[in-house]
Amino acid sequence: MMDALLDGGLALSLPFLAWLVLHTEALSQAVVLFVAMGLMSALAWARLEAPDIALVEAAVGTGLTGALLMHTLSWTEETAPETLTRATRWVWDILAATALTGVLGWAVLALPTDSQGLGPEVAARLADSGVEHPVTAVLLNFRGYDTLLEIAVLLVAALGARAVNPRTDRPKLETEHDPLTGELFRMMTPAVLLLAGYLVWVGAHGPGGAFQAGAILAGGGVVAILTTRMGTPRMSSRRVRWALLTGPLLFIGVAVAPLFSGGRLLEFPPRLAGTLIFVVELALTVTITLVLLMFFPGARPPKVEPEGAP
Amino acid sequence: MSSWVLYALSGMAMFSVGLVGLFAHRHVVKRILASNIMGSGVLLVLVALARRVPSGAPDPIPHALVLTGIVVSVSSTALGVALARRIARLQSTGDVSTHSEPGGS
């Protein structure tokens, strides 16, 4: 009974929050509601027995995306200029969304329900994968391509974001030093490091892994950017470049190595698979942390800039 | 009604709300939010479908795909925000076509 109530409440609140996000006038409210929606969907994922996803959603989907969007508030105008009359638009929006949900729902619910999915197959080969957690096995062994390409996507996105806003302005040095936030950061750092380390380690047996760990480290890094004098890592720094490439290079190396001994691309020898996956995950954690951190612009809003400009 | 149906419907409703919002809004940040909401909806449907298996643990393959999806969606959001920021910067300095940034690129 309680379960049904919880599920029903979550399932109803998610689209409702989504609707609120898009229909509040003030952008700051929209972003706060968006973060709330992210937390609710993390709950939904926990309810759907997907703890890995709930962790990543809470850290990346909500935490970092929320921080990024909050940052946009500092340079964009507060209210979205909507010219159309609102009262009549609402009705049409709701009607359109309901109709679309109906059509999609009909399509999805018409899928055959007797399929077992790929679960049993993963379970049957789990012993060969080198890890005990099925999601990690899928991510880094059975579907290693996905993870490899995903890292490429992350790198490209970071490069793209940097290419359009090339200057990573450091926060001005004369910024007043808030003693409280600095202390918070100092107290938080060991916990963040410990948690991230634990998550990489636990990925082999349970929910956790490079993405969760990287997200948490990047979250700590964002706090550091906000509270200390640290700037966003600069692409021009050689160290940053190498750190960015750690994950992809190591992963590509591990992926290509079997080709020389007659194996196939990304085919880990079962004996070494566990170790290799752990090493790759560690390297990926470094890259993911840095990429996520570089998404976060430490720069001041450009609105202030044109003061000096003509 | 089993709970996966509930969540699948919820995910589809989110997707629809996001899609309608994407068309309805002009403001670039609202559009970024809308595309994010659409993405969340799709991911929710995928995870709900992973639970459809009548017995035992949920299917790990959609879970892995969704993990990848979340990371890709944060990178697309970041890129979108960076582009929007660039647009705002160019607009705030007036001349969109010829202006070169104060710091140079």
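Predicted model: local features only at pLDDT ≥ 70, side-chain atom pairs only at ≥ 80, totals over all residues.
Residues are numbered from 1 along each chain as its sequence is written, and chains are lettered from A and ligands numbered from 1 in the order in which they are written.

**Figure 1. Chain A contains 11 helices and zero strands.** Helices (H or I, at least four residues) and strands (E, at least two) are DSSP runs, numbered from the N terminus. From that terminus on, the elements read α-α-α-α-α-α-α-α-α-α-α. Of the 310 residues in chain A, 46% are buried (buried means under 20% relative accessible area, exposed over 50%, partly exposed in between, with a 1.4 Å probe and protein chains only). Contact means heavy atoms within 4.5 Å; among the contacts in chain A with a separation of 6 or more, 75% join residues 24 or more positions apart. Chain A exposes about 15800 Å², and carbon and sulfur atoms supply 70% of this area (Shrake-Rupley method, 1.4 Å probe; for residues, only the protein chains shown count as cover).

**Figure 2. Chain B consists of three helices and zero strands in its secondary structure.** Buried residues account for 58% of the 105 residues in chain B. Residues 24 or more positions apart make up 50% of the chain B contacts with a separation of 6 or more. The accessible surface of chain B is about 3900 Å², with 63% belonging to carbon and sulfur atoms.

**Figure 3. Spans of both chains carry the UniProt annotation "transmembrane region" (unreviewed entries).** UniProt positions are given in the numbering used here, feature names are shortened, and annotations may be inferred rather than shown by experiment. In chain A, the record includes residues 184-204 and 210-228. Residues 184-204 of chain A are 90% helix and 0% strand, with end C-alpha atoms 31 Å apart; residues 210-228 of chain A are 95% helix and 0% strand, with end C-alpha atoms 26 Å apart. For chain B, the record covers residues 6-25, 32-51 and 63-84. Residues 32-51 of chain B are 95% helix and 0% strand, and their end C-alpha atoms lie 29 Å apart. Residues 63-84 of chain B are 100% helix and 0% strand, and the corresponding distance is 31 Å.

**Figure 4. The second largest pocket holds about 300 Å³ of space.** A pocket is an open set of points on a 1 Å grid over the protein atoms alone, where a 1.4 Å probe fits, with protein on both sides within 12 Å along at least five of seven lines; lining residues have an atom within 4 Å of a point. Grid points are joined across faces, edges and corners, and the volume is the space filled by probe spheres set on the points. Of the 19 lining residues, Gly119(A), Pro134(A), Ala57(B), Pro58(B) and Pro60(B) are the closest to the centre of the second largest pocket. At least two lining residues each come from helix 3 (51-73), helix 5 (119-129) and helix 6 (134-142) of chain A and from helix 3 (60-92) of chain B. Helix 5 of chain A provides the largest share, five residues. The lining comprises 11 nonpolar, six polar and two charged residues (Ala, Val, Leu, Ile, Met, Phe, Trp, Tyr, Cys and Pro count as nonpolar, Asp, Glu, Lys and Arg as charged, and the others, Gly among them, as polar).

**Figure 5. Thr136(A) lies in helix 6 of chain A.** Thr136(A) counts as buried because its relative accessibility is 3%. Apart from neighbours within four places in sequence, Thr136(A) is in contact with Val131(A), Asn141(A), Gly203(A), Gly206(A), Gly208(A), Ile277(A) and Glu281(A).

Conventions:
Heavy atoms only, no water.
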